[in-house]
Amino acid sequence: MFEICPKCGNGEWNKSVSEDKMSVTCPICGASWENIPLPLFILTGCSGVGKTTTARKLMGQKDFIVLDGDILFTANEEEYMGWVECIEGLTRDIMQSGKPVLWTMAGNLDKLKRAWNERFFTDIHCLALVCGEEELRRRMTEGRGISDGGWISGSVGYNRYFLEHNEIDGIVFECLDITMLDPGQAAERVKLWVKSKLAR
């Protein structure tokens, strides 16, 4: 809705965004309209670490909106870029209300800055939830009932990547170790992280 020109009705992905990101211009008729630029927040981490459980505790925040990326997920690998575009496009529309959005998503972080809709945000902030390997295995087997060895091994490896690095294809992320935190405590730490970014 936001990207449709209010003057000529142009709905193509060809609008230009001003350098300060405060306005959008239609290349067909020259009409401009306001953009409320805010950061995009991503809560990531391996499968089973506790993203959804933490996000549930964050629901109902007054300062930002919390959404699960899986609601738009497609199993078709060729459509992953489209999935990220949908996440960013929906966020772009929501932030016109003056509120930023925090999404939970495990993969495809490398596509966040390659998406067309990235131009509308002031920044992209990414926080990875991590935990100790033994605790991760416990959460996956006891907490979620996962017995697939390949799934568990993949999550352990992805968790280790977050622990040993600080970026994925240009997306810089910070880590929050929630090994010893309950969901409420983890949510409070995430809330403080978001607020610290918004205060800048």
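User: Which residue in β2 stands opposite Val-17?
Analyst: Val-24 stands opposite Val-17. Their strands, β1 and β2 (residues 23-25), pair in the antiparallel sense over 2 bridges. Strands here are DSSP E runs of at least two residues, helices are H or I runs of at least four, and both are numbered from the N terminus. Two strands pair if DSSP finds at least two bridges between them.

User: Before we go on, what kind of model is this, and how are residues numbered?
Analyst: It is a predicted model: local features need pLDDT of at least 70, side-chain atom pairs count only at pLDDT 80 or more, and totals for chains, interfaces and linings use all residues. Residues are numbered from 1 along each chain as its sequence is written, and side-chain values use heavy atoms, with hydrogens and water left out.

User: Back to the strands. What sheet do β1, β2 and β3 form?
Analyst: They form an open sheet of 3 strands in the order β1-β2-β3, with antiparallel pairing. β1 (16-17) and β3 (32-34) are at the edges with a single partner strand each, so one side of each has no neighbour in the sheet.

User: What sits in the loop between β1 and β2?
Analyst: Lys-21 is in that loop. Its phi is positive, about 65°, although Lys-21 is not a glycine. Lys-21 counts as partly exposed because its relative accessibility is 21%. The scale: buried is under 20% relative accessible area, exposed is over 50%, and partly exposed is in between, with a 1.4 Å probe and protein chains only.

User: Where is Asn-108, and is it buried or exposed?
Analyst: Asn-108 lies in the loop between β6 and β7. It counts as buried, at 14% relative accessibility. Phi of Asn-108 is near 65°, again positive in a residue other than glycine.

User: What is the strand order in the sheet of 6 strands?
Analyst: The order is β5-β6-β4-β7-β9-β8. That sheet is open too, and its pairing is mixed. β5 and β8 (167-168) stand at the edges, each with a single partner strand, so one side of each lacks a neighbour in the sheet.

User: How do β4 and β6 run, and how many bridges join them?
Analyst: They run parallel, joined by 4 bridges. Leu-40 stands opposite Val-101 in β6.

User: And which residue in β7 is the bridge partner of Leu-43?
Analyst: Leu-127 is. β4 and β7 pair in the parallel sense over 5 bridges. β7 also runs parallel to β9, again with 5 bridges. There, the partner of Val-130 is Asp-177 in β9.

User: How many residues of β7 are buried?
Analyst: 7 of its 7. Both faces are covered. Ile-124, Cys-126, Ala-128 and Val-130 are on one side, and His-125, Leu-127 and Leu-129 are on the other. In a regular strand, side chains alternate between the two faces of the sheet.

User: Which residues touch the most other members of the largest nonpolar core?
Analyst: Leu-40, Ile-42, Met-105, Leu-109, Leu-112 and Phe-162, out of 31 residues in that core. Elements giving it two or more residues are β4 (40-44), α2, β6 (101-104), β7 (124-130) and β9 (171-177). Another core lies apart from it, with 24 residues, among them Ala-55, Phe-64, Met-140 and Ile-146. A nonpolar core is a set of buried Ala, Val, Leu, Ile, Met, Phe, Trp, Tyr and Cys residues joined through side-chain atoms within 4.5 Å.

User: What does Leu-112 touch?
Analyst: Setting aside residues up to four places away in sequence, Leu-112 touches Leu-40, Ile-42, Val-84, Glu-88, Met-105, Glu-118, Ile-124 and Ile-171. Contact means heavy atoms within 4.5 Å.

User: New topic. Where is Ser-155, and what is it in contact with?
Analyst: Ser-155 is in helix α4 (residues 149-164). Apart from neighbours within four places in sequence, its contacts are Cys-46, Ser-47, Leu-136 and Met-140. Ser-155 counts as buried because its relative accessibility is 4%.

User: And Leu-181, where is that?
Analyst: In the loop between β9 and α5 (183-198). Leu-181 is partly exposed, with a relative accessible area of 22%. Its C-alpha atom is separated by 9.6 Å from that of Cys-131, 50 residues apart along the chain. Beyond neighbours within four places in sequence, Leu-181 is in contact with Arg-139, Leu-176, Ala-186 and Arg-189.
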